Amino acid sequence: MIKGTFFILLFYLLGEIISLLLNGFIPGSVIGMVLLFLSLLFKIVRPEWLRKTATVITRNMAIFFVPAAVGLVAYVELLSNSLVTIFSAIIISTILTIIVVGLVQQALENKIGAKKK
Amino acid sequence: MNSISEHIRILLSGEVFFLLLTLGSFLLGVFLYKRTKIPLLQPLLVSMIIIIPFLKITGIEYQVFYEKTRLLSFMLGPSVVALGYVLYEQIEYIRGNVISILTSVFVGSLVGILSVVLIAKLFGADRLLTASLAPKSVTTPIAMNLAENTGGVPSLAAVFVVICGLFGGLVGPLILRRIGVKSSIAKGLALGSASHALGTVKAMEMGVLEGAISGLAIGIMGVMTALLIPFVERFF
């Protein structure tokens with residue numbers, strides 16, 4: 001657990017430093033995630049060092065959102081005033097995303113499959 | 001001699017109490033969800049439904065609650081980093097499909113962000129609301145971070161993410177069948193890209209490959225969206 005925690009925090013710090021250099025263009029945690037992924041891919045870091053910690057943290061991720069989510073308390077009015085906007089935007093956009101990803105992926109796979117034949 | 005009531009007052013405004021309140025509400029949410037299987041009873045939502053009124057009634061300021069539960073919020077960043085490991089675990093599923101997967105998630109991310117921003121703007125949403133809506137399809141910690149970076153509100157983003165996840169998980173399989181998507185990779189990818197972990201739950205019901213690909217899609221979608229939002233930000 002300590003080794004895993006060490007590497008996760010190390011990549012988090014690296015991510016934050018790079019994010020700072022990029023003027024916060026991408027959040028440090030996302031950069032840290034990509035760096036960790038690449039380090040595993042190129043065998044700089046061993047997966048067994050991280051397995052336990054990473055699994056425990058990501059399985060129980062939702063609990064970490066609670067404090068920030070409770071901050072909604074200050075925006076109840078804004079929410080109730082914009083319900084139509086919020087729901088229309090989310091529903092239409094989600095449907096579009098599902099359709100686009102599904103169709104594009106399937107089309108590309110068929111293309112590759114056809115080439116192989 | 002009011003020392004006992006004084007001590008109780010201090011205990012009830014300390015870290016231990018607020019952490020217990022948070023963990024307790026969350027556990028209740030987990031219990032309710034497992035018992036009823038009602039998709040709306042996400043532990044995160046249940047916790048909010050308990051804690052928000054609690055703070056209102058007791059008159060405890062949100063800032064105090066947030067400070068005392070810092071321990072939990074701190075973990076948001078590390079948990080995103082840890083997703084890098086989860087992504088790595090799924091690598092074997094994408095051999096030979098790397099380019100097609102990256103392309104379709106990229107297009108999906110672009111369409112998702114543009115459409116949600118455009119519709120919100122059509123309805124006259126301000127920057128605060130638009131910036132909180134834009135990252136709706138990515139996993140909560142990344143969405144909160146992205147919203148905050150672009151002038152939105154993390155807690156609003158968290159709620160929108162949950163709405164988006166619930167809706168996509170509910171209608172996703174139906175839509176995919178309607179438009180004739182048969183490839184397992186395409187199905188898992190679509191559900192994970194549009195509806196993150198809640199889409200993945202549905203994808204896992206469809207099959208192991210769908211589930212694994214969907215989990216992978218969460219990570220790729222997070223990165224793509226983080227890369228794209230700064231370019232779309234000027235329209236917020």
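1. A helix axis, as used in this note, is a line fitted to the C-alpha atoms of the stretch in contact, and the angle between two axes is taken between their N-to-C directions, from 0 to 180 degrees. The structure is a predicted model. With that in mind, take helix α1 of chain A, residues 2–21, and α6(B): their axes come within 9 Å and cross at roughly 100°. Angles of 65 to 115 degrees count as roughly perpendicular, and α1(A) is therefore roughly perpendicular to α6(B).

2. Which residues make this contact between α1(A) and α6(B)? From α1(A) come A:I8, A:L9, A:F11, A:Y12 and A:G15, and from α6(B) come B:G77, B:P78, B:V81 and B:A82. Sorted by class, the contact of α1(A) with α6(B) has seven nonpolar residues, two polar ones and no charged ones.

3. The crossing of α2(A) and α6(B) is right-handed.

4. The residues of this second contact can be looked up in the structure. On the α2(A) side they are A:S29, A:V30, A:G32, A:M33, A:V34, A:L36, A:F37, A:L40 and A:L41. On the α6(B) side they are B:G77, B:V80, B:V81, B:L83, B:G84, B:Y85, B:L87 and B:Y88. By class, the contact of α2(A) with α6(B) holds 13 nonpolar and four polar residues, with no charged residue. B:G77 and B:V81 belong to this contact, and both are also part of the contact with α1(A).

5. The next point is the interface as a whole. How many residues does each chain give to the contact? Chain B gives 85 residues and chain A gives 65 residues. On the side of chain B that touches chain A, 59 residues are nonpolar, 24 are polar and two are charged.

6. Chain B has 12 helices and zero strands. Its pattern along the sequence is accordingly written as α-α-α-α-α-α-α-α-α-α-α-α. Its C-alpha atoms fill a box of roughly 75 × 40 × 30 Å along the principal axes. Of the 236 residues in chain B, 53% are buried. Among contacts in chain B with a separation of 6 or more, 60% come from residues 24 or more positions apart.

7. One helix pair within chain B may be set beside the pairs above. Helix α11(B), residues 184–206, and helix α12(B), residues 208–232, pack with their axes 6 Å apart and at an angle of about 75°. That angle makes α11(B) roughly perpendicular to α12(B). The contact of α11(B) with α12(B) has 13 nonpolar, 10 polar and two charged residues.

8. In chain B, domain 1 is 3–74 and domain 2 is 81–235, and their C-alpha centres lie 28 Å apart. The contact between them takes five residues from domain 1 of chain B and four residues from domain 2 of chain B. On the domain 1 side of chain B, four of these residues are nonpolar, one is polar and none is charged. In chain A, domain 1 is 1–59 and domain 2 is 64–117. The C-alpha centres of these two domains of chain A lie 26 Å apart.

Key
Residues are numbered from 1 along each chain as its sequence is written. Chains are lettered from A and ligands numbered from 1 in the order in which they are written. This is a predicted model: local features need pLDDT of at least 70, side-chain atom pairs count only at pLDDT 80 or more; totals for chains, interfaces and linings use all residues. A crossing is left-handed if the near helix is turned anticlockwise from the far one by less than a right angle, and right-handed if clockwise. Helices (H or I, at least four residues) and strands (E, at least two) are DSSP runs, numbered from the N terminus. Two residues are in contact if their C-beta atoms, placed from the backbone, lie within 7 Å. Ala, Val, Leu, Ile, Met, Phe, Trp, Tyr, Cys and Pro count as nonpolar, Asp, Glu, Lys and Arg as charged, and the others, Gly among them, as polar. Angles under 35 degrees count as roughly parallel, over 145 as roughly antiparallel, 65 to 115 as roughly perpendicular and the rest as oblique. A residue is buried if 20 or more other C-beta atoms lie within 10 Å of its own, exposed if 12 or fewer, and partly exposed in between; C-beta atoms are placed from the backbone. Domain bounds come from an automatic or database domain assignment.
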